[in-house]
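These are my notebook entries on one protein model. I set down what I looked up, one topic at a time.

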Amino acid sequence: MKLYFSVTAFFFLLQISAQKISPLNKNSFISKTKYEKTSNPALIPLPQKWKNETGSFELNRYKQIVVENDSLRKVIQQLQSWMLSKGIKTNILKQAVKNQPHIEISIKEINVPERQNEAYELKVASSVIRLSANTSHGIFNGIQTLKQLVANGSRINACTITDWPAFGWRGYMIDAGRNYVEMGLLKQQIDVMAAYKLNVFHFHATEDIAWRIAVKQYPQLTSPEFMLRNKGMYYSEDEIKELIAFCKERYITFVPEIDMPGHSAAFKRAMGVDMQSDSGIVIIKNILKEFCSTYDVDYIHIGADEVKISNKNFVPEITNYIESLGKRVIGWQPGGNFTNSTIRQLWMDDNAHLSNQLNLQFIDSRHLYINHMDPLEAVTTIFNRKIADKENGDAHTLGGTICMWHDRAVNKDEDILKMNPVYPSMLAFAERSWQGGGHAGWISNISDGDVPAFKEFETRLLKNKEFYFQHLPFPYVKQREIVWKLYGPYDNKG
């Protein structure tokens, strides 16, 4: 799962010659596609239902945010702070001032076909912007769309949007075990996730290289002498609590991965025992008890892949123990001898997800390892990807997670974002996991997929790069009209 040799960005960095390609014939454009209006604001992910109305209005006219429900105060304050960053000072009121333009936010029933907890409805009119949703999470999602409607200006086109996600699990995973990633950079990535409605942060922090989660009972786990890289760098209890709270404020589920019994050489160096031994199991249970009593999380990911299971009781016993602590268990598929209650995260094709005989649940990460792809390929492949081979999520298919496994050492942790297409991939995955659909298999050539849809998405992607990523690594350039010229071969003696 994690140790494939990474594909380099050779083709991305290669000297190229860009030439214009003749545009598609207008008749080849799908007349009813949801991607046809390229003049619309560059929303990512594209809403499920979007109707443009007449007129456009200046956001700075709206000095009031009207909300009756006190439970929304925290999320509304986030909107208020954002508007202040645009130079617009607003008051939060329970009732609108007569004849004054305002933003009205309310909890009310939104009728959508699925995932109602994240659905929202946004109506922009001449004197009022109305945002309503079934839950505060839906309100949060609607606010992200409202921000994108404004983009880098202050004018909003009148519109009506009714929106909901195709998949309920839309995740991003970072491996902080091999390369330590400092807190500010983790938060930066979580902020980008939130802006594009990704809702699961998968935090992989124990590895062969190093164990980076503080454990009071076993401080030797994070001792420098047992780390092979970034020695002495780990996450304290306060820092993990801070990350969890940071995610919660953005309606993102924090999923910690404590890899067992594989990828555990750092554990063995520190503790002097194998995880699958009787004494190793005692230690692991103590760690899990401390972790689950310390942190407010719903899931524990146990990994359990790429390892010889020498103790067939290990995975079931640990799974049962975690469940006794009130947490759900996730493991990599193919992997250990999981119980039926374990959520399987797919990393290779084994067709397990195609049978629902055991009522299993799945998260798809096949062909979603962004460190394996160069930037141009990553965006194309992820945009075309059909998550778990299904149009949308269901009781068995929760959704998917893109994964960032940077195996090799980096000089600075921010190099991970420069050497891999993290943010372009996030946006492509946000689009696909929210919209649903896609195509079966691995499609890395634009011409093999829905060409008009990709061209329209790329336009929105590049506008987002321009608006929001001027000071962040965003290794992607327009490719739909590029003709590649490869030079060589050269006699370079290998």
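**Entry 1: Two cis peptide bonds**

I began with Pro334, which is found in the loop between strand E12 (328-333) and strand E13 (343-346). I kept in mind that this is a predicted model. I looked up the peptide bond from Gln333 to Pro334 and found it to be cis, with omega near 0°. I then turned to Ile44 and Pro45, which are joined by a cis peptide bond with omega of about -5°. Pro45 is found in the loop between helix H1 (10-13) and strand E1 (49-58).

**Entry 2: Positive phi values**

I next looked up Lys197, a residue other than glycine with a positive phi, near 70°. Lys197 is found in the loop between helix H4 (183-195) and strand E9 (200-204). Is Lys197 buried or exposed? Its relative accessible area is 2%, so I recorded Lys197 as buried.

His367 is also not a glycine, and its phi is positive, near 60°. I located His367 in the loop between strand E14 (362-364) and helix H9 (375-384). With a relative accessible area of 29%, His367 is partly exposed.

**Entry 3: Trp164**

I found Trp164 in the loop between strand E7 (155-163) and strand E8 (169-175). Its relative accessible area is 9%. Which residues does Trp164 touch, not counting residues up to four places away in sequence? I listed Gln48, Lys49, Val112, Pro113, Glu114, Arg115, Ala119 and Trp434. I also looked up Trp164 and Asp259, which lie 95 residues apart along the chain; their C-alpha atoms are separated by 33 Å.

**Entry 4: Nonpolar cores**

I noted the general rule that nonpolar side chains tend to be buried together in soluble globular proteins. The largest nonpolar core here has 123 residues. Those that touch the most other members are Leu59, Tyr172, Phe201, Phe203, Trp211, Phe267 and Met426. Which helix gives the most to this core? I found that helix H11 (residues 422-435) does, with eight residues. Apart from this core lies another, of eight residues, including Trp169, Val200, Ile363 and Leu398.

I then examined Tyr172, leaving out residues up to four places away in sequence. Tyr172 touches Gln189, Met193, Val200, Phe201, His202, Ile370, Thr401, Ile402, Met404, Val422 and Met426.

**Entry 5: The whole protein**

I recorded twelve helices and 15 strands for the protein. The radius of gyration is 24 Å, close to the 23 Å that the globule rule gives for 494 residues, so I describe the protein as being as compact as a globular protein of that length. Taken along the principal axes, the box filled by the C-alpha atoms is roughly 70 × 65 × 45 Å.

Of the 494 residues, 55% are buried. I noted an accessible surface of about 21400 Å², with 49% of this belonging to carbon and sulfur atoms. Among contacts with a separation of 6 or more, 74% are between residues 24 or more positions apart.

I closed with the charges.

Notes
Residues are numbered from 1 along each chain as its sequence is written. This is a predicted model: local features need pLDDT of at least 70, side-chain atom pairs count only at pLDDT 80 or more; totals for chains, interfaces and linings use all residues. Side-chain values use heavy atoms; hydrogens and water are left out. A nonpolar core is a set of buried Ala, Val, Leu, Ile, Met, Phe, Trp, Tyr and Cys residues joined through side-chain atoms within 4.5 Å. Buried means under 20% relative accessible area, exposed over 50%, partly exposed in between (1.4 Å probe, protein chains only). Helices (H or I, at least four residues) and strands (E, at least two) are DSSP runs, numbered from the N terminus. Contact means heavy atoms within 4.5 Å. The radius of gyration is taken over C-alpha atoms; the globule rule is 2.2 Å times the number of residues to the power 0.38. Accessible areas come from the Shrake-Rupley method with a 1.4 Å probe; for residues, only the protein chains shown count as cover.
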